[in-house]
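Subject: Structure handover

Hi,

Here is the structure I promised you. Please open it next to this email and follow along.

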Amino acid sequence: MAERVARRSDEADVPADCAAAAAGGKFSWDPDVVSAMVDTTPQDTTCKDFSEHSMNVVELSGQFGIENLHVVERPRPTPGPGEVAIGVRAVSLNYRDLLMVRGQYNPRQPLPLIPASDGVGVVVAVGEGVTRVAMGERVCPLFAEGWLSGAPPPGVTRQTRGGPLDGMLAEVVVVPAHSVVVPPGHLTDAEAACLPCAMLTAWSALVTLGGIKAGDVVLIQGTGGVALSALALAKLHGAQVIMTSSSDEKLERVAALGADHGINYRTEPRWGDVARGLTGKRGVDLVVEVGGADTLAQSLRAVRPGGTIGLIGVLSGGLSQVRLESILMRQVRVQGVFVGNRDGFEAMNRAISAGGLRPVVDTTFELGATRAALEHMASGQHFGKVVVRL
Ligand SMILES: NC(=O)c1ccc[n+]([C@@H]2O[C@H](COP(=O)([O-])OP(=O)(O)OC[C@H]3O[C@@H](n4cnc5c(N)ncnc54)[C@H](OP(=O)(O)O)[C@@H]3O)[C@@H](O)[C@H]2O)c1
């Protein structure tokens, strides 16, 4: 990277002191990218050290609760060897972020915390030895920083962004270069920000772990971020999709997106039987299970013998009483899903590009309105992803 900086210095658009700091091996710096993507204030074009400048972040401090989120200034971080700094452009919220902020995901999470797992930005500085990405490239950081392939490594839950690691609600984040992925070029920033957690979870449930095939019948619960991602991916793979929702109006919207059948789980409490009926009593091949305690029994009624339940969420609680015989005697596979790894993310991006898929964005908020964005998510009125723009 020293070469890149030296070249730019020759063009006389990099201040000599910045180029010297970069050539000294601390990091590389591109003023065009920095000023265009992060901050247009004059001092950015004369900086000596990236860390001398402050940035805005959304911080949860003092105690848990949406009301304890504040926009504050922090020093802008500088990438060390093997790291990249990303000028964040958009962040998408996940239900996990809401639980984290409320103290319901991990009550022992140390504060202060910068929340949010999902986001996208542009590389604005690279540390020594980075070759995986270049300055100016648009990238998404992984949710689980060190999980590149295979099964989750031991301690994976200690390396997740948005808690316990600081998350994406910051103007600049520094992450290991091996933990970024280039999103499909046809997506807007808001859409690309939906990939690392919600879309990859759906991909893992259906493809990596679910082995989806053309002609399968997939049952998807709800109309949130994971659910609508699963709908798009299931249709891309040639599956029939049955979706459940608490709202008839939302069921009309999923039909417009390609869902084959919709069931209102409020007015049809035995929606599992209804879903099985829609398959001629054969049962569905795959269930995208986000409800947890209150929904697993109905999912077991819906799934075919030998079918798979991708256990993703516990929106209605994590303690369930189900008849274990209905799992073992019918050889049902209850498959835990924890987001996914870098290999899966890259495979998913190829599929998204090939199919021209676009995540469904419900509403976009400004950084200063992050509390309102989380409250909107908590209201359950959203359809798809809630995004914060930086
Ligand atoms: N395991 C993982 O790696 C992983 C990754 C991402 C998310 N998750 C989990 O997956 C769940 C969904 O996350 P998300 O970000 O997609 O949330 P979200 O965008 O807030 O979507 C939640 C949707 O689920 C539906 N829903 C709510 N309660 C339900 C219930 N009791 N039964 C059936 N559907 C219900 C609602 O749809 P309607 O409004 O249509 O009724 C709601 O809009 C959460 O529990 C989250 O923690 C897990």
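One definition to start. Helices and strands here are DSSP runs, numbered from the N terminus; a helix needs at least four residues and a strand at least two. With that numbering, Pro112 sits in the loop between helix 4 and strand 5 (118-127). Keep in mind that this is a predicted model.

The whole chain

The chain has 13 helices and 16 strands. It is 390 residues long, and 49% of them count as buried. Now take the contacts between residues at least 6 apart in sequence. Of these, 67% join residues at least 24 apart.

The ligand

How many residues surround the ligand? There are 32. The closest are Gly222, Gly224, Ser245, Gly291 and Gly313. By class, the shell holds 14 nonpolar, 15 polar and three charged residues. Three helices each supply at least two residues of the shell: helix 4 (95-102), helix 6 (195-208) and helix 7 (225-236).

Where does the ligand lie relative to the domains? Domain 1 (2-194 + 361-389) gives residues to the shell, and domain 2 (210-336) does too, so the ligand lies between them.

Helix 6

Helix 6 also deserves a look of its own. It has 14 residues. A straight helix would reach 20 Å at 1.5 Å a residue, but the end C-alpha atoms of helix 6 are only 15 Å apart. Is helix 6 largely enclosed or largely open? Twelve of its 14 residues are buried, so helix 6 is largely enclosed by the rest of the structure. Among the buried ones are Cys197, Met199, Trp203 and Leu206.

The loop between helix 4 and strand 5

Go back to Pro112. A cis peptide bond joins Leu111 and Pro112, with omega about 5°. Ala116 lies in the loop between helix 4 and strand 5 as well. Ala116 is not a glycine, yet its phi is positive, at about 95°. Is Ala116 buried or exposed? A residue is buried if 20 or more other C-beta atoms lie within 10 Å of its own. Ala116 has 30 within 10 Å, so it is buried.

Find Pro164 in the loop between strand 6 (138-141) and strand 7 (172-176).

Next, go to Val339. It is in the loop between strand 14 (333-336) and helix 12 (342-355). Val339 has a positive phi of about 45°, although it is not a glycine. It has 27 C-beta neighbours inside 10 Å, so it counts as buried.

Leu367

Last stop. Leu367 is in the loop between strand 15 (361-366) and helix 13 (370-379). How exposed is Leu367? It has 18 C-beta neighbours inside 10 Å, so it counts as partly exposed. Leaving aside residues up to four places away in sequence, Leu367 touches Asn56, Val58, Val71, Val388 and Leu390. Take Asn56 from that list. Leu367 and Asn56 are 311 residues apart in sequence. In space, their C-alpha atoms are 8.9 Å apart.

Best wishes

Note on methods: Residues numbered from 1 in each chain as written. Predicted model: local features only at pLDDT ≥ 70, side-chain atom pairs only at ≥ 80, totals over all residues. Near = placed C-beta within 6 Å. Nonpolar A, V, L, I, M, F, W, Y, C, P; charged D, E, K, R; others polar. Domains from an automatic or database assignment. Contact = placed C-beta atoms within 7 Å. Expected span 1.5 Å × (residues − 1).
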